Amino acid sequence: FLPKILSLGILDGITGNVVGSWNTLGLFAGFASLMFLLMIEFFAISKIEKIVLSVFVLLSVLLTATVNFPLVWLLLGIFSTIVFVYKISITLEKSEGEDGVIKAKYFPVVSFVVMLVSLLFFISSGFLGNIIPNSLQISNTEVNPSLSSTMSIAKEVLVKNPIFGIGPNKFKEAWSMYKPLSINNTQFWNVSFNSGSGLFPTFAATTGGVGILSWVVFFVLFLFIGVKSVFASIKKRINWEMVSFFILSLYLFISSLFYFTGPVMFLLSFAFSGIFIGLVASNSNKEFCISFLNDHRKSFFSISALIIVTVFFVTVAFKYTERFISIYYFEKALSAQAVPDAKDFIGKALSLYSNDFYLRTYSQIYLIDLNSLLSKGKTLSDAENATLQAIFDQALQGAQMAINFDSKNYLNYQLLGSVYQTAGVLGVKDAYGKAMEAFKSASAINVNSPELKLSLANISIADKKNKEAKDYANQSLSLKPDYIDALILLSQIATSENDNISALSYGEKALSVSPTSPDLIKYVDSLKNPNKVVNQIKTPVLNTKKP
């Protein structure tokens with residue numbers, strides 16, 4: 001309801017939601033379906049309550065169908081089958097007749113229907129599953145690394161940092177360092193993924209041996225106690241709450257194993273598993289109680305501790321509220337129509353929460369202002385030169401602060417190189433040398449990036465070092481043989497050296513990669529007919545922005 005207003009502009013678009021990605025919303029809808037299903041099948045409720053909950057199941061299944069994520073149908077089908085079989089098994093009774101026929105007191109209709117619907121949508125997800133999304137004009141494309149790629153990243157991280165790994169929330173850095181070279185042959189060659197194929201595989205790649213061992217111990221104990229409690233409930237027919245919370249927790253954990261569910265679903269899985277553990281503990285008859293109120297000395301220290309804890313959590317809540325509000329100003333900075341407005345909004349965002357992403361955006365806004373001032377094409381006055389220097393200093397400061405915040409993120413060094421490259425165009429002394437150092441630092445982190453190698457080649461050309469430029473361009477091609485920008489750059493270098501045969505060869509290779517590009521066709525034609533007047537390509541013409 002009123003998403004743009006109530007979410008401060010964050011939930012913009014038809015797939016915006018408070019749970020996470022669109023597929024995460026589908027997993028949450030499947031979780032809701034399972035939760036309502038368990039309430040219908042295992043709890044003593046009235047007929048009216050069953051009807052209301054059945055409507056909720058229907059709505060949840062419809063939302064699941066709207067998202068149409070195959071993993072949701074698979075999990076919902078498996079768990080509804082378990083619920084169906086479990087319910088049948090505990091309602092069987094032996095009739096008193098002589099025939100000895102075993103029959104059920106109750107047939108779980110709702111779980112049976114959900115099981116069949118899940119199977120139907122899972123089998124025909126390509127046809128039946130697309131009916132609702134197509135009718136609502138919902139397009140959702142989400143790409144994550146495969147499980148094999150994630151495990152290869154984890155293997156490399158464990159070799160270098162076997163105990164604690166590279167650190168939580170550092171998968172992007174791990175991907176930059178160790179991504180498979182075969183990724184460069186796909187359209188996602190220049191994408192830095194923030195997560196792996198699933199939440200737990202991502203933890204395996206970032207938290208090292210200690211993290212992996214912790215999760216293994218937790219899951220072994222969780223499954224052992226959970227399965228034991230389920231079969232104990234079959235025997236004693238008690239505590240359906242404990243069984244339900246175990247099944248719901250298991251659903252959430254399995255979802256996180258095969259998909260990066262994000263923080264909302266992950267915290268929800270711990271909330272439900274915590275309730276399950278509490279219910280198990282309450283049935284163990286091994287509770288003990290410690291009272292701090294019967295002794296004023298104990299009560300003084302306990303109340304003081306509670307006040308300290310309260311102050312701590314209020315402070316943390318306030319800080320996270322500032323982070324949340326900073327997103328609003330950051331979005332405003334990105335959508336601003338004028339550079340002064342963008343500067344104002346990004347400054348407010350940074351005053352509330354500082355991180356390298358905001359700092360890079362801050363630097364880029366000032367770079368845009370710098371380029372707009374240079375594009376006027378006139379001699380600048382002393383005042384304008386002073387303004388130019390101040391703008392450059394702000395852009396440089398933003399890039400350097402981003403590096404100080406996170407020195408393992410190659411994007412921060414890449415931005416610093418771009419700032420110095422712009423300074424080189426302005427004629428600043430030693431700017432190209434500093435740009436080379438920044439891009440080399442970025443390339444040392446993101447080793448298999450053809451884009452960074454090509455950036456080094458472009459700086460070498462600007463610094464009139466053609467030999468080094470060719471070496472870097474060839475390194476870029478060795479990482480990505482179909483890299484059009486690198487082929488065009490080598491062709492232009494060959495043209496400047498009057499090597500028309502090599503220039504034409506590189507141009508034709510580029511054209512073979514994109515044979516329908518009109519700019520490439522004109523460029524190759526100009527190489528074949530040097531006397532013909534055509535618009536030459538001065539820079540790589542194809543859009544190589546990140547998808």
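Predicted model: local features only at pLDDT ≥ 70, side-chain atom pairs only at ≥ 80, totals over all residues.
The side chain of Lys480 forms a salt bridge with Asp482, in which the closest N and O atoms lie 3.1 Å apart.

## Other salt bridges

The structure holds 9 salt bridges, and the pair of Lys480 and Asp482 is one of them. Side chains of opposite charge can pair when their charged atoms come close. Another such pair joins Glu497 and Lys470, with 3.4 Å between the closest N and O atoms. This pair links distant parts of the chain, since Glu497 belongs to the loop between helix 21 and helix 22 while Lys470 is in helix 20, and the two are 27 residues apart. Glu497 is partly exposed at a relative accessible area of 37%, and Lys470 is likewise partly exposed, at 29%.

A further salt bridge brings together the side chains of Lys465 and Asp463, at an N to O distance of 3.5 Å. Lys465 counts as partly exposed, with 37% relative accessibility, and Asp463 is also partly exposed, with a relative accessible area of 31%.

## A buried glutamate without a salt bridge

Glu173 lies in helix 8, which covers residues 171-178. This residue is buried and yet has no salt bridge, the nearest side chain of opposite charge being that of Lys170, at 4.1 Å. When residues up to four places away in sequence are not counted, Glu173 touches Ile166, Asp406, Lys408 and Asn409.

## The buried face of helix 23

In helix 23, which spans residues 518-528, the buried residues are Leu520, Tyr523, Val524, Ser526 and Leu527. Viewed down the helix axis, the buried residues of helix 23 fall within an arc of 155°, and so they line one face of the helix. An α-helix has 3.6 residues a turn, so residues three or four places apart point the same way. The cover over the buried residues of helix 23 includes helix 21 (484-496) and helix 22 (500-513).

## Residues with positive phi

Most residues other than glycine have a negative phi. Gln137, although not a glycine, has a positive phi of about 60°; this residue sits in the loop between helix 6 (131-135) and helix 7 (147-160), and at 71% relative accessibility Gln137 counts as exposed.

Lys464 is not a glycine either, and has a positive phi of about 60°. Lys464 is placed in the loop between helix 19 (450-462) and helix 20 (466-479), where it counts as exposed, with 75% relative accessibility.

## A nonpolar surface patch

On the surface, a nonpolar patch is formed by Ile48, Ile51, Val52, Val55, Phe56, Leu58, Leu59 and Leu62, which together have about 740 Å² of accessible area. Leu58, one of these residues, is found in helix 3 (residues 47-67) and is exposed, with a relative accessible area of 51%.

Definitions and conventions
Residues numbered from 1 in each chain as written. Heavy atoms only, no water. Buried < 20%, exposed > 50% of the residue type's maximum accessible area, 1.4 Å probe, protein only. Helix = DSSP H or I, 4+ residues; strand = E, 2+ residues; numbered from the N terminus. Arc of directions from axis to C-beta. Contact = heavy atoms within 4.5 Å. Patch = residues over 30% accessible without salt bridge, like charges linked within 9 Å, V, L, I, M, F, W, Y side chains within 5 Å. Areas by Shrake-Rupley, 256 points an atom, 1.4 Å probe, with all protein chains shown as cover. Salt bridge = Lys/Arg side-chain N within 4 Å of Asp/Glu carboxyl O. Lys, Arg positive; Asp, Glu negative; His and termini not counted.
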